[in-house]
Amino acid sequence: MSGPYASALTGFSAPLAAPALLGEAEARSGLSDWGGARWDEDRFRHDLALLCGEIEAKSDLTAIGRSRTHSRLLTMLVSRLRYLDARKAATGVDAERVVAPLIGSGMPRAGTTFLHGLFAQDPANRAVPAWEAAIPAPLDGNGDREALYAGILAFQGMTAPDVTAIHPFGSTLPEECIFLQEGNLGSLYGVYWNIPAFQTAIADKMRSAFAWQVGVMQYLQRGAAPRRWALKGPGHLFAWRELLMAFPDARLYVNHRDPGKVIPSIASLFCKLRSLFSDEAVDPVAIGAQQLAAWQYAVDAYAEWRDCEGVDARVSDVRFTDLVTDPLETVARVYDELGLALTAQARDAMARHLETDHHASAPKRAYTLAEYGLDAAAIEAAFAPYIERFAIEREKRQ
C-alpha cells in the first residue's frame, strides 16, 4: 500500500543531507522533475539544503526524532515529485479559477480549528482533508491515500494521545493552508524544529507559498462541480498582503481570544511538537518569548489593516467566548456578515457535527504563563491595545 512512500514508514539513522533525500525521493517515485523555473526549483534546492543543515546543527534530534524527520521530509519530497508529474498530465489545470474562498485566520488556540471544522460540514464548502494536502496525486491502482497518511502521521508521532489532547491531528481532518504550502518549503517546519536561520531565510517566501497553494488547489478542483473552498491558517495574520494577492475576492473571518490564554497554549503546542523530534531543543521560556513577540506583531498589523476603509465588507471578527457559547449562532453571523447563504441542510450538518466533535468537548487543559517565562503584566504590555480594540473578554489567567 505504501509504494513510493514506503521509506517514510521505516527507521532512518543517517545524517540528513539534501542531495541524498532528493535522490531517495527520485528513486522511490521514479520521477526527477522538481519543477524547473515555473516552480522555482533552484530556490527549492537551496532551501532544502539550508533546512537539512540547520536541523543537523541546531535541533539535537533523538534517534526516533531522526526517523520522524526523515519521514516528514521524504513524504513532502515524494509528494512534490508526484504532484508535479500529475499536474503536467492533467488538462486545463492552469485555466482553473479559485473563486471567492472562505478563509479563516486569527490568534491560534482561539477556536480556528473548531470553526473550520464546522464550516467544512456545509455541502457548499470544500475543505481539504489532511491526506489530500499531504498526498495530492492519486496512488497507483487508486490506492488508499487516507489510510497511508494515517500510518505516516502515526509513525511521526502526530496522532499520539498526548499530542492530540492539545491539537487534533488526523488523516481525515480538514487541513490548514500551511500544509497545502508544504511542497514549497515554508514556515511549517519552524514549528517542528529549532531552525531560526532557516526561518529568517524564508521570510520572503510568502508570495511563492501562496502561488504553490493556488496551484495545488487548481489541480485538486479540476473537473469537479464548483464549490467554495473553506480554508484557514493562523499564520495568515503575518501575510495579509500576499494572501489577498493570491485570493483577491476572498471572504475572511478572524478569530480573537485573550492572549493571556493563547500564548501559553500555543507555546505548549510548540513544545510538544518539538519534543517529538528532540529532547534538548525544547526551551519553554524561549518559546514563550518568541510566541509573545510574534503574535503581538501579527495582531497589531491586523488591527491596522482592519481599520482601513472598505475592509468591513470582506471580513468578520469572531470572539472565542461567543463561539464556544453558541457555535451555530456564531456561524450564522459570520455567513450573514460575509454575504453567504446558510442553508437548513448546512446548519443541520453542523449541528450533527457538534454532537460528535471531540475537539469541542475535550477536557480543558491549563497552561500557566509562568511555565513559559511570562506573567499577566507582560501580556497586558504587549496586547492591551488589541484586547480593547476588539472588545476581547479577559479570561481567568494562570
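Buried means under 20% relative accessible area, exposed over 50%, and partly exposed in between, with a 1.4 Å probe and protein chains only. The model is predicted: local features need pLDDT of at least 70, side-chain atom pairs count only at pLDDT 80 or more, and totals for chains, interfaces and linings use all residues. Residues are numbered from 1 along each chain as its sequence is written, and side-chain values use heavy atoms, with hydrogens and water left out.

**Exercise 1.** Classify Asp60 by accessibility and locate Asp60 in the chain.

Solution. The relative accessible area of Asp60 is 43%, so Asp60 is partly exposed. Asp60 is found in the loop between α2 (41–58) and α3 (63–89); helices (H or I, at least four residues) and strands (E, at least two) are DSSP runs, numbered from the N terminus.

**Exercise 2.** Describe the packing of α13 and α14.

Solution. Two packed helices are described by the angle between their axes and the distance between the axes. Axes are lines fitted to C-alpha atoms, for helices over the stretch in contact, and angles run from 0 to 180 degrees between N-to-C directions. For α13 (residues 259–275) and α14 (residues 284–306), the angle is about 130° and the axes are 9 Å apart. The two helices are therefore oblique to each other; angles under 35 degrees count as roughly parallel, over 145 as roughly antiparallel, 65 to 115 as roughly perpendicular and the rest as oblique. The contact involves, among others, Ile263, Phe270 and Arg274 of α13 and Pro284, Leu292 and Trp295 of α14.

**Exercise 3.** Which residues of α16 are buried, and how are they arranged around the axis of α16?

Solution. In α16 (residues 327–337), the buried residues are Pro327, Leu328, Thr330, Val331, Val334 and Tyr335. Seen down the axis of α16, they fall within an arc of 160°, so they line one face of the helix; the arc is that of the directions from the helix axis to the C-beta atoms. After α16 comes Gly339, with a positive phi near 70°.

Terms used:
Contact = heavy atoms within 4.5 Å.
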